[in-house]
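Reader: I've got this model open and I'd like a close look at one part of it. Could you take me through a single helix and what surrounds it, then step back to the rest of the chain?

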Amino acid sequence: MTDIRDLRGVVPYLPTPLTPGGEVDAEALQRLCDHLIAAGVHGLTPLGSTGEFAYLDFAAKERVVAATVEAAAGRVPVIAGVAATTIRDGVAQANRWAELGADGILAVMEAYFPVPDAGVIAYFTAIADATDRPVTLYTNPNFQRSDLTLDAIDALSHHPNILFVKDASTNTGRLLSILNRTEGRIGVFAASSHITTAVMLIGGRGWLAGPSCIIPRQSVRLFELCEAGKWDEAMTLQRELWAVNQVFARFNLAGAVKAGLRLQGFDCGDPAPPQPALTAEQVAAVRKVLKKLGAL
């Protein structure tokens, strides 16, 4: 197991390659992982939002985690996504992903009905208690019925096994509030909805994001510039790369990532139905952005 306590950098949210019959395409996942590692990424996250976790059953999720761990082969850490509506299911996933060799857990709480802070804290605490794998909290207010409030994050930051939070809001000020409130107890990672250079400037550790799958080398370069404190150069590159964030915000995330990868020679299939694949016009928009960035 790789120790991720000092993790920093670019950790792509992997898509879940699917065959036309809807099965997990482990071979396509292996090729993609090899490509991303060669490009210099600092970790891999299966079963994040880009990985369509909400559309996969437990057996499919197992295959995704196992294939990613096998593909990584210890070269970079694997932080596997756990997403459930119940504590029991969340704990079962966390334990199983640890058995399969994941180095860390990315914990998401799904909810049909809103859950109060006490329940949110209980969910993430149970997952952190269940395994020795370090836990990253994942909050995405745009898609969750029960968000991680600042009070909940503060409370959870005292758990010795909860090390990071990935915030997918568009509110960079919220990230600074988290950093100030938790006083170094929890590391902050950005999402593609944030201007990542700004997040690095205020003390972020990097970003976990789907679009990094299609611009991995550029993403790693941006991180390296930020780490070196070359903020003017970083912002020049950030302005160029922001076009990727903008085009992805317009379309289905998994569909956009898969369309971009297909253009680059990595066919990961279509999104799991009923999600739509991108139209020809939408694919053309993705192609235009990637071509401009030298990613085709």
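Author: Start with the buried residues of helix 9, which pack against helix 7 (196-201), helix 8 (216-227), helix 10 (253-263) and helix 11 (280-292). Keep in mind that you're looking at a predicted model. The buried set in helix 9 is Ala234, Leu237, Gln238, Leu241, Val244, Asn245, Val247 and Phe248.

As for the helix itself, helix 9 covers residues 231-250, which is 20 residues. From first C-alpha to last, helix 9 reaches 28 Å, close to the 28 Å expected at 1.5 Å a residue. Helix 9 does bend, though, by about 35° at Glu240.

Now zoom out. The chain holds eleven helices and seven strands. Its radius of gyration is 18 Å, close to the 19 Å that the globule rule gives for 296 residues, so the chain is as compact as a globular protein of that length. If you're setting up a box, the C-alpha atoms fill one of roughly 45 × 45 × 35 Å along the principal axes. Of the 296 residues, 55% count as buried. The chain exposes about 12,300 Å², and carbon and sulfur atoms supply 52% of that area. Among contacts with a separation of 6 or more, 72% are between residues 24 or more positions apart.

Next, the inside. In soluble globular proteins, nonpolar side chains tend to be buried together. Here the largest nonpolar core has 100 residues, and Leu44, Phe124 and Leu137 have the most contacts inside it. Helix 2 (residues 58-72) gives this core its largest share, seven residues. Take Leu44 as a worked case: leaving aside residues up to four places away in sequence, Leu44 touches Val11, Pro12, Leu14, Cys33, Leu36, Ile37, Thr68, Ala72, Val76, Pro77, Val78 and Ile79.

A few backbone spots deserve a click as well. Most residues other than glycine have a negative phi, and most peptide bonds are trans. Leu47, in the loop between helix 1 (26-38) and helix 2, has a positive phi, near 65°. At 1% relative accessibility, Leu47 counts as buried, because the cut-off for that is under 20%. Ala73 also has a positive phi, near 50°, and is found in the loop between helix 2 and strand 2 (79-84). Ala73, however, counts as exposed at 57% relative accessibility, since exposed means over 50%.

For a cis peptide bond, go to Pro273 and Pro274, where omega is about 10°. Pro274 lies in the loop between helix 10 and helix 11, and those two helices are among the ones that the buried residues of helix 9 pack against.

Last stop: Asp6, in the segment before strand 1 (9-12). Asp6 counts as exposed, at 68% relative accessibility.

Definitions and conventions. Residues are numbered from 1 along each chain as its sequence is written. This is a predicted model: local features need pLDDT of at least 70, side-chain atom pairs count only at pLDDT 80 or more; totals for chains, interfaces and linings use all residues. Side-chain values use heavy atoms; hydrogens and water are left out. Helices (H or I, at least four residues) and strands (E, at least two) are DSSP runs, numbered from the N terminus. The expected span of a helix is 1.5 Å times one less than its number of residues. The bend at a residue is the angle between axes fitted to the seven residues ending there and the seven starting there. Buried means under 20% relative accessible area, exposed over 50%, partly exposed in between (1.4 Å probe, protein chains only). Contact means heavy atoms within 4.5 Å. The radius of gyration is taken over C-alpha atoms; the globule rule is 2.2 Å times the number of residues to the power 0.38. Accessible areas come from the Shrake-Rupley method with a 1.4 Å probe; for residues, only the protein chains shown count as cover. A nonpolar core is a set of buried Ala, Val, Leu, Ile, Met, Phe, Trp, Tyr and Cys residues joined through side-chain atoms within 4.5 Å.
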